[in-house]
Amino acid sequence: MVDAEIVGGAFDLPPKDVPARLRNGEITSRCETGIDDDAGRWRLTFYSGGRALRLVVDETGAILSRSTFPAHAPTTGAIDLASLSASD
C-alpha cells in the first residue's frame, strides 16, 4: 500500500481524492518486480494528467527512491506486431 498523501502530493491532489481517482481510472498504476540485482525490490509507477510518480520500494515497503516526470500512462491491450518493422 502507498499512502494517499504521497500519491496526491505528486499530482497536486488532496489525499482524500486519490482513492476515487484510482477507482475511476484517472490515476493508473503499474508494479514491476525486481530480478537479479534488484531482487527484493519493486518499482511502482503511478500515472495521472500527463505526469508519473515512480517509487522503488524494498520488501518492507520502505521507499528507496522517488521521482516524478512527464509521462502518459501506457496503453493496454494487444500489440499489433505486424505494425512493427525490424528497422524501427
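Helices (H or I, at least four residues) and strands (E, at least two) are taken here as DSSP runs, numbered from the N terminus. On this basis the chain contains two helices and four strands, and its elements follow the order α-α-β-β-β-β from the N terminus on. The model is a predicted one, in which local features need pLDDT of at least 70 and side-chain atom pairs count only at pLDDT 80 or more, while totals for chains, interfaces and linings use all residues. Residues are numbered from 1 along each chain as its sequence is written, and side-chain values use heavy atoms, with hydrogens and water left out.

Of its 88 residues, 23% count as buried (buried is under 20% relative accessible area, exposed over 50%, and partly exposed in between, with a 1.4 Å probe and protein chains only). The accessible surface comes to about 6,300 Å², and carbon and sulfur atoms hold 51% of that area (Shrake-Rupley method with a 1.4 Å probe; for residues, only the protein chains shown count as cover). Among contacts with a separation of 6 or more, 20% link residues 24 or more positions apart, where contact means heavy atoms within 4.5 Å.

The strands form an open, antiparallel sheet of four in the order β1-β2-β3-β4, strands being paired if DSSP finds at least two bridges between them. At the edges are β1 and β4 (63–70), each of which pairs on one side only. Strand β1 is joined to β2 (residues 41–48) by six bridges in the antiparallel sense. Within this pairing, serine 29 has phenylalanine 46 of β2 as its bridge partner, and glutamate 32 stands opposite arginine 43 in β2. The hairpin of β2 and β3 has two residues between the strands, and its glycine 49 adopts a positive phi near 55 degrees.

The largest nonpolar core has eleven residues: Val7, Ala10, Phe11, Leu13, Val18, Ile27, Leu44, Phe46, Leu53, Leu55 and Val57. Such a core is a set of buried Ala, Val, Leu, Ile, Met, Phe, Trp, Tyr and Cys residues joined through side-chain atoms within 4.5 Å. Two or more of its residues come from each of α1 (4–10), β2 and β3 (51–58), with β3 giving the largest share, three residues. Leaving aside neighbours within four places in sequence, core residue Val18 is in contact with Ala4, Val7, Gly8 and Ile27.

Threonine 45 lies in strand β2 and counts as buried because its relative accessible area is 0%. Its side chain makes a polar contact of 3.1 Å with the side chain of arginine 54 (a pair of N or O atoms within 3.5 Å; within protein, one must be able to donate a hydrogen and the other to accept it, and residues adjacent in sequence count only if both atoms are side-chain atoms). Glutamate 26, in contrast, belongs to the loop between α2 (18–23) and β1 (28–33) and is classed as partly exposed because its relative accessibility is 41%. Not counting residues up to four places away in sequence, glutamate 26 touches Arg21, Tyr47 and Ser48; from serine 48 it is 22 residues away in sequence and 6.2 Å in space, C-alpha to C-alpha.
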